[in-house]
Amino acid sequence: MCDLRELYQEVIFDHNRNPHNFGKLQNPDRTVRGDNPLCGDQLTLYLHVDADGAIRDIAFDGHGCAISVASASIMTDLVKGASAAEALLWFDKFHALVTGGGDGGGEGMDKLAVLGGVRQYPMRVKCATLPWHTLQAALRGDGATVSTE
Amino acid sequence: MKTATATAIKPPADFAVEKIRADFPALHQKVHGRPLVYLDNAASAQKPQAVIDAISDYYRRDHANVHRGVHTLSQRATDAYEGAREKVRAWINAAGSCECIYVSGATEGINLVAQAYARPRLKSGDEVVVTVSEHHSNIVPWQMVCEQTGAVLRAIPVQDSGELDLGAAAELIGKRTRIVAFGHISNALGTVNPMAELTAMARAAGAVTVVDGAQAMPHLRVDVRALDCDFYTFSGHKMYGPTGSGILYGKESLLDSMAPYRGGGEMIKSVSFEGTVYHDLPHKFEAGTPFIAGAVGLGATVDYLGGIGMEQVAAHESAVLDYALARAADTPGLTVIGNPRHRAAILSFTMDGVHPHDIGTVLDHEGVAVRTGHHCAQPLMERFGIAATARASFGMYNTRAEVDALFAAIGKVREMF
């Protein structure tokens with residue numbers, strides 16, 4: 001059971017029970033839905049984006065497992081106020097962290113490191129990255145719905 | 001839900017489950033240091049040694065292409081391939097082996113009927129009726145053929161119990177209905193659908209019945225003539241046979257009236273650029289070199305099941321399911337989805353405050369394999385207002401002790417969340 005605690009750290013339970021930035025934004029500039037067709041998880045990101053591309057405000061709603069909800073909660077905390085370029089760079093680092101390709105070092109990565117246990121669970125990587133794939137689509141203007149598949 | 005107390009439920013005394021377990025090599029392993037408790041049988045069942053041996057022996061000794069060579073191995077392969085077809089025919093009591101088409105599974109069986117039977121016949125405004133509880137494989141092929149023909153797809157609703165609303169079915173199935181397609185047993189909830197009522201409604205409307213039997217074959221002895229359905233299809237892998245094997249049964253007159261599904265070798269009598277003469281049933285629908293080893297394995301599966309007896313299997317599984325339902329009723333915060341009067345060995349549940357995906361990961365750590373998600377039945381999930389469930393599905397080799405292991409693992413989920 002001890003290694004399962006590496007996946008389900010207490011911080012993840014906290015975010016799952018009381019997710020940050022959960023809900024809708026008034027008049028969002030961008031709204032993108034992310035689907036994980038494997039498990040039916042869905043989340044929608046709402047963004048206020050400045051003219052220079054910075055994320056002024058962000059919120060999410062939907063339903064998902066503890067990993068995807070915690071990931072969305074942590075991500076929205078982290079990227080609020082960040083530029084699009086910063087946010088996309090974090091996604092690269094986060095992706096490396098959860099797929100085993102990176103050590104999780106760098107600014108902001110301490111908050112994301114709690115999800116590092118996912119790398120032991122290939123079936124759950126998409127749970128952790130669903131919010132990030134959705135954010136990437138929102139920042140790139142890829143369309144209204146993205147899928148992890 | 002059945003209300004029998006957990007201790008009062010006993011499996012049939014003469015069912016030697018330990019002997020059956022010994023036939024399945026995959027069951028005897030540890031996962032995360034715990035004995036494997038395999039409760040994902042509705043997704044795919046494990047294989048008995050007899051089936052593994054049949055496939056292995058075929059490749060080691062008898063393999064060649066079928067229906068071609070005059071040499072000995074080709075004859076052996078052909079005998080094995082056609083012999084397996086005859087075994088399946090007898091098992092499902094089809095009138096002739098020409099009515100048993102080898103397919104890759106129930107999905108291909110349904111697509112074959114949709115494209116080769118329905119597509120040339122459906123006209124704009126015709127109706128195809130399915131049920132809300134269908135697996136996506138019995139929805140999407142019909143959506144596709146409706147798009148191609150202008151026919152309309154309609155769905156029989158499901159009640160809170162998980163049973164079909166037969167009153168609504170009687171209104172939906174009418175003079176515009178050409179096809180009624182439904183699962184024998186719901187993969188997500190385990191509901192055993194009322195076959196006689198549905199086929200009678202379809203027949204009265206002059207519609208053809210297409211039954212997805214993928215979940216029924218591992219639990220029941222199916223007699224296609226007693227059911228009097230027009231088409232019945234199933235996958236080998238859910239009934240302890242090989243993946244990629246399966247059968248589409250169809251009444252000979254219907255199959256005969258259909259044009260081929262795919263063109264190629266094996267399905268012709270003669271080919272010229274002036275015109276090709278198609279082969280007779282069942283070869284007309286079996287273009288290309290078939291999955292011979294899969295057919296051989298399916299034949300061995302039927303032999304294996306015949307040696308045990310499906311009545312025995314059903315009685316044992318029913319006792320295991322009743323015990324699991326009783327344990328579930330005693331578990332606070334756990335909700336079993338649906339309580340149909342007739343349920344096969346499938347238990348779909350949710351837990352307050354825990355997503356099914358998280359349940360699945362914790363259970364796996366306890367060695368317990370269940371399926372989590374929407375079970376390829378999203379319209380049914382939507383009907384119950386849920387995105388996903390955890391599903392424990394039992395096979396002939398599962399035991400009460402394994403149900404106890406499941407509920408001990410569920411206790412661990414509750415501790416963590």
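Visitor: Where is Asp228(B) found?

Guide: In this predicted model, Asp228(B) sits in the loop between helix 8 (224-227) and strand 9 (231-235) of chain B.

Visitor: Why does Asp228(B) count as partly exposed?

Guide: Asp228(B) has 14 C-beta neighbours inside 10 Å. A residue is buried at 20 or more and exposed at 12 or fewer, with partly exposed in between. The value of 14 falls between those cut-offs, so Asp228(B) is called partly exposed.

Visitor: What is noted about phi of Asp228(B)?

Guide: Phi is near 55° there, a positive value in a residue other than glycine. Asn21(A) is also a non-glycine residue with positive phi, near 60°. Asn21(A) lies in the loop between helix 2 (10-17) and strand 1 (30-36) of chain A.

Visitor: Is Asn21(A) buried or exposed, and what makes it so?

Guide: Around Asn21(A) there are 20 other C-beta atoms within 10 Å. The cut-off for buried is 20 or more, so Asn21(A) is buried.

Visitor: What share of chain A counts as buried?

Guide: Of its 149 residues, 44% do.

Visitor: Which peptide bond is called cis, and what is its omega?

Guide: The bond from Leu281(B) to Pro282(B) is cis, with omega near -5°. Pro282(B) belongs to the loop between strand 12 (275-278) and helix 10 (292-308) of chain B.

Visitor: How many helices and strands does chain A have, and in what order do they run?

Guide: Chain A has six helices and four strands. From the N terminus on, the order is α-α-β-β-β-α-α-α-α-β.

Visitor: What makes helix 2 and helix 3 of chain A perpendicular?

Guide: The axes of helix 2 and helix 3 (residues 66-79) of chain A cross at roughly 85° and come within 8 Å. The range for roughly perpendicular is 65 to 115 degrees, so helix 2 and helix 3 of chain A are given that label. Their contact includes Ile12(A) and Phe13(A) of helix 2 of chain A, with Ile67(A) and Val69(A) of helix 3 of chain A.

Visitor: How do you know that the radius of gyration of chain A agrees with a compact globule?

Guide: For 149 residues, a compact globule would have a radius of gyration near 15 Å, and chain A has 14 Å, which agrees. Along its principal axes, the C-alpha trace of chain A spans about 45 × 30 × 30 Å.

Visitor: How many residues of chain A are in contact with chain B?

Guide: In chain A, 13 residues are in contact with 14 residues of chain B. The chain A side divides into nine nonpolar, three polar and one charged.

Technical notes: Residues numbered from 1 in each chain as written. Chains lettered and ligands numbered in written order. Predicted model: local features only at pLDDT ≥ 70, side-chain atom pairs only at ≥ 80, totals over all residues. Helix = DSSP H or I, 4+ residues; strand = E, 2+ residues; numbered from the N terminus. Rg over C-alpha atoms; globule rule 2.2 N^0.38 Å. Contact = placed C-beta atoms within 7 Å. Nonpolar A, V, L, I, M, F, W, Y, C, P; charged D, E, K, R; others polar. Axes fitted to C-alpha atoms, helices over the stretch in contact; angles between N-to-C directions. Parallel < 35°, antiparallel > 145°, perpendicular 65-115°, else oblique.
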